[in-house]
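Hi,

Here is the structure I promised to pass on. Have a look, and then read my notes below.

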Amino acid sequence: MVARPPTVLRIEEMKPADIPEVQAIERASFTSPWPPQAYRAELETNRLASYLVARIDGRVVAYGGLWLMVDEAHITTFAVHPAWRRRRIGERLLLAMLDLAVDRGAREATLEVRLSNLSARRLYEKYGFRPVGLRPRYYTDDGEDALIMTTETLGSAAMRARIDGLRAALDAASAPGMAGALDPARRVEDGTGEDGDSQVEERP
């Protein structure tokens with residue numbers, strides 16, 4: 001029997017050509033998806049915005065974006081294709097976004113998450129986000145409240161130790177020969193990158 005090569009996950013800067021695949025994930029993840037022109041504007045005209053995609057065999061399986069506002073990196077959107085959830089892809093992507101935030105000079109990272117999205121909240125808490133407030137009726141589709149979550153200082157010793165430990169654990173879990181493991185191909189274009197999610201997806 002010939003061994004199959006490991007599946008390689010690459011995390012790269014989102015390009016306009018990625019928008020159709022991003023839109024497919026968007027429609028599968030959100031009740032009120034952004035239109036294609038919104039992503040094009042984010043990529044081409046919004047100087048605050050940075051977007052990443054996760055690819056497997058050239059196909060986009062997840063994406064996320066953030067705005068850098070002064071020294072705060074605000075995660076604006078984050079989703080994994082339903083067929084690729086529970087494979088730690090979202091976790092790798094979140095790591096890449098935190099790396100990108102540090103590279104861009106952010107002091108902390110923030111986001112909003114539905115109160116009911118417990119799987120996403122657990123993932124964010126694992127990576128150092130903590131609840132700091134509530135936005136009542138934040139989500140336009142059903143009026144659900146959003147929990148505001150913020151990290152401690154990204155450059156602090158405690159946060160660096162947390163991220164380094166989680167990255168090492170992910171790398172160990174992706175070692176060759178493990179069933180279902182992904183070879184993370186970690187240093188690529190604009191980030192590094194994977195998820196222990198069931199449904200990681202955020203946005204108003």
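First, a term: buried means under 20% relative accessible area, exposed over 50%, and partly exposed in between, with a 1.4 Å probe and protein chains only. Also, this is a predicted model, where local features need pLDDT of at least 70, side-chain atom pairs count only at pLDDT 80 or more, and totals for chains, interfaces and linings use all residues. Residues are numbered from 1 along each chain as its sequence is written, and side-chain values use heavy atoms, with hydrogens and water left out.

Now the backbone. Most residues other than glycine have a negative phi. Arg137, though not a glycine, has a positive phi of about 50°; its relative accessible area is 64%, so Arg137 is exposed. Arg86 also has a positive phi, about 65°, and counts as exposed because its relative accessibility is 67%.

On to the rings. Rings of Phe, Tyr and Trp (its six-membered ring) pair if their centres lie within 6.5 Å; planes under 30 degrees apart are stacked, over 60 edge-to-face, the rest tilted. That gives six aromatic pairs. In one of them, Tyr39 and Tyr51 have ring centres 6.0 Å apart and planes at 80°, so the pair is edge-to-face. Tyr39 is buried at 0% relative accessibility, and Tyr51 is buried at 3%. Tyr138 and Tyr139 are edge-to-face too, 5.1 Å centre to centre with 90° between the planes. Tyr138 is partly exposed at 22%, whereas Tyr139 is buried at 1%.

Ring pairs also link Trp34, Tyr39, Tyr51 and Tyr63 into a cluster.

Cheers
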